[in-house]
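Hi everyone, thanks for coming. Please take a look at the structure on the screen, and I'll walk you through a few places in it.

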Amino acid sequence: MWNSKDVYYISDSTALLAEEMGKSMLCQFPEIGFNEEKIPFVRERRDAELALARILKQSGGLQPLIFCTIMEEEVRQIFDIAEVELIDLYGGFLSKLEHILEAKALHQPGYYRNRDDAKTEKRVEAIRYTLEHDDGKRTEGYDQADIILIGVSRTGKTPVSVYIATHMSLKAANFPLTADHLDAYELPADIIRNRTRAVGLTVTPQFLHRIREERYRGSKYAAITTCRAELQRAEQLYMQHGIQIVHTEGKSIEELSAEVTNLPGICKKGRKR
């Protein structure tokens with residue numbers, strides 16, 4: 001088994017897709033260390049020859065991995081030699097798709113990203129909105145939110161909101177339930193008006209106690225009695241207003257983001273305005 005391996009992500013465009021697909025596979029081998037480099041815009045034979053020469057010089061005879069998304073077969077074949085391990089992410093798959101669909105592919109470098117400007121703008125707008133509506137700021141703008149995460153302190157609202165914005169292009173506001181709201185057993189009118197798109201986050205008192213103790217050891221804020229009381233009142237508010245509840249304990253940000261955006265009433269593609 002290899003202890004480490006050189007990895008190159010090569011493309012005739014940005015190489016972001018090659019990197020994304022490569023990393024998604026390499027993460028399945030945590031016991032191996034990977035030395036990664038991205039080489040974008042390899043569009044001509046000369047580009048490929050120069051890139052290959054650099055790879056062979058850097059990696060010696062250690063057979064580096066090359067994840068390749070080059071469309072042009074003549075350019076792509078430059079890397080198909082015994083000294084490297086070529087993983088062709090387009091060639092074989094695209095040919096198979098052409099056969100299945102009985103159609104000829106464009107074979108145009110970067111076409112997906114070039115036509116995706118509208119999606120990029122939507123993502124940027126979602127991120128901007130999410131940052132502006134983090135931690136209870138500007139609740140008057142909740143009518144434009146695709147999702148509103150609420151919960152007591154340290155239940156994961158901000159990281160999940162940011163992930164939803166950056167990876168799903170959804171406008172995600174989040175609101176902290178402080179003592180003022182919990183003691184009064186009330187939610188802001190801006191949340192109640194948009195409660196069909198609100199999701200209440202919760203955990204067990206023991207888990208919340210452990211998380212808070214890490215930063216505020218021995219404080220009233222971290223005390224198990226405080227955690228239990230806050231969570232109980234928060235969940236009562238959720239039920240009172242018919243707000244869907246998600247337990248965040250033991251789940252990754254990716255899992256939580258998928259779970260909350262797949263709840264009934266939450267539109268995964270964003271709201272039509």
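Let's start with E19 and K38, whose side chains meet in a salt bridge, with 3.3 Å from N to O. This pair links distant parts of the chain: E19 sits in helix α1, residues 16-26, while K38 sits in strand β2, residues 33-39, and the two are 19 residues apart. K38 has a relative accessible area of 35%, so we call K38 partly exposed. Before I go on, please keep in mind that this is a predicted model.

Why would such side chains meet at all? Side chains of opposite charge can pair when their charged atoms come close. How many salt bridges are there by this rule? The count comes to 16.

Here is another one, between E49 and R45, where the closest N and O atoms are 3.5 Å apart. Both E49 and R45 lie in helix α2, residues 45-59, and they are 4 residues apart, about one turn of the helix. If you are new to helices, here is the background: an α-helix has 3.6 residues a turn, so residues three or four places apart point the same way. E49 is partly exposed, at 32% relative accessibility, and R45 is partly exposed too, at 37%.

Now for a pair that reaches further along the chain. D143 forms a salt bridge with R193, and their closest N and O atoms are 3.0 Å apart. D143 lies in the loop between α6 and β5 and R193 lies in helix α9, so this pair ties together parts that are 50 residues apart in sequence. D143 counts as partly exposed, at 29% relative accessibility, and R193 counts as partly exposed at 47%. There is also a network: E125, R128, E132, R138 and K171 are joined by salt bridges that share partners.

Let's stay with D143 for a moment, as it comes up again with R197. Where is R197? You will find R197 in the loop between α9, residues 189-193, and β7, residues 198-202. R197 is buried, yet R197 has no salt bridge. D143 is the nearest side chain of opposite charge, and D143 is 5.3 Å away. A salt bridge needs the nitrogen and the oxygen within 4 Å. What does the side chain of R197 meet instead? One of its polar atoms lies 2.4 Å from the backbone oxygen of A145.

Next, some helix packing. Two packed helices are described by the angle between their axes and the distance between the axes. Have a look at helix α7, residues 157-168, and helix α12, residues 253-261: they pack at an angle of about 75°, and their axes are 9 Å apart. α7 and α12 are therefore roughly perpendicular to each other. On the α7 side, the contact is made by P159, V160, Y163, I164 and M168. The α12 side brings I253, E254, L256, S257, A258, V260 and T261.

While we are in α7, let me point out S161, which is found in that helix. Is S161 buried or exposed? With a relative accessible area of 0%, S161 is buried. Leaving out residues up to four places away in sequence, S161 touches T130, L149, A172, A173 and N174.

Most residues other than glycine have a negative phi, and most peptide bonds are trans. S169 has a positive phi of about 60°, although S169 is not a glycine. S169 is found in the loop between α7 and β6, residues 172-176. With a relative accessible area of 12%, S169 is buried. R138 has a positive phi as well, near 55°. R138 sits in the loop between α6, residues 117-132, and β5, residues 147-151. R138 counts as partly exposed, at 45% relative accessibility.

Last stop: A82, in the loop between α3, residues 73-76, and β4, residues 85-88. At 63% relative accessibility, A82 counts as exposed. A82 and Q63 are 19 residues apart in sequence, and 8.1 Å apart in space from C-alpha to C-alpha.

That's my tour, and I'm happy to take questions.

Key:
Residues are numbered from 1 along each chain as its sequence is written. This is a predicted model: local features need pLDDT of at least 70, side-chain atom pairs count only at pLDDT 80 or more; totals for chains, interfaces and linings use all residues. Side-chain values use heavy atoms; hydrogens and water are left out. Buried means under 20% relative accessible area, exposed over 50%, partly exposed in between (1.4 Å probe, protein chains only). Lys and Arg count as positive and Asp and Glu as negative; His and the chain ends are not counted. A polar contact is a pair of N or O atoms within 3.5 Å; within protein, one must be able to donate a hydrogen and the other to accept it, and residues adjacent in sequence count only if both atoms are side-chain atoms. Axes are lines fitted to C-alpha atoms, for helices over the stretch in contact, and angles run from 0 to 180 degrees between N-to-C directions. Angles under 35 degrees count as roughly parallel, over 145 as roughly antiparallel, 65 to 115 as roughly perpendicular and the rest as oblique. Contact means heavy atoms within 4.5 Å.
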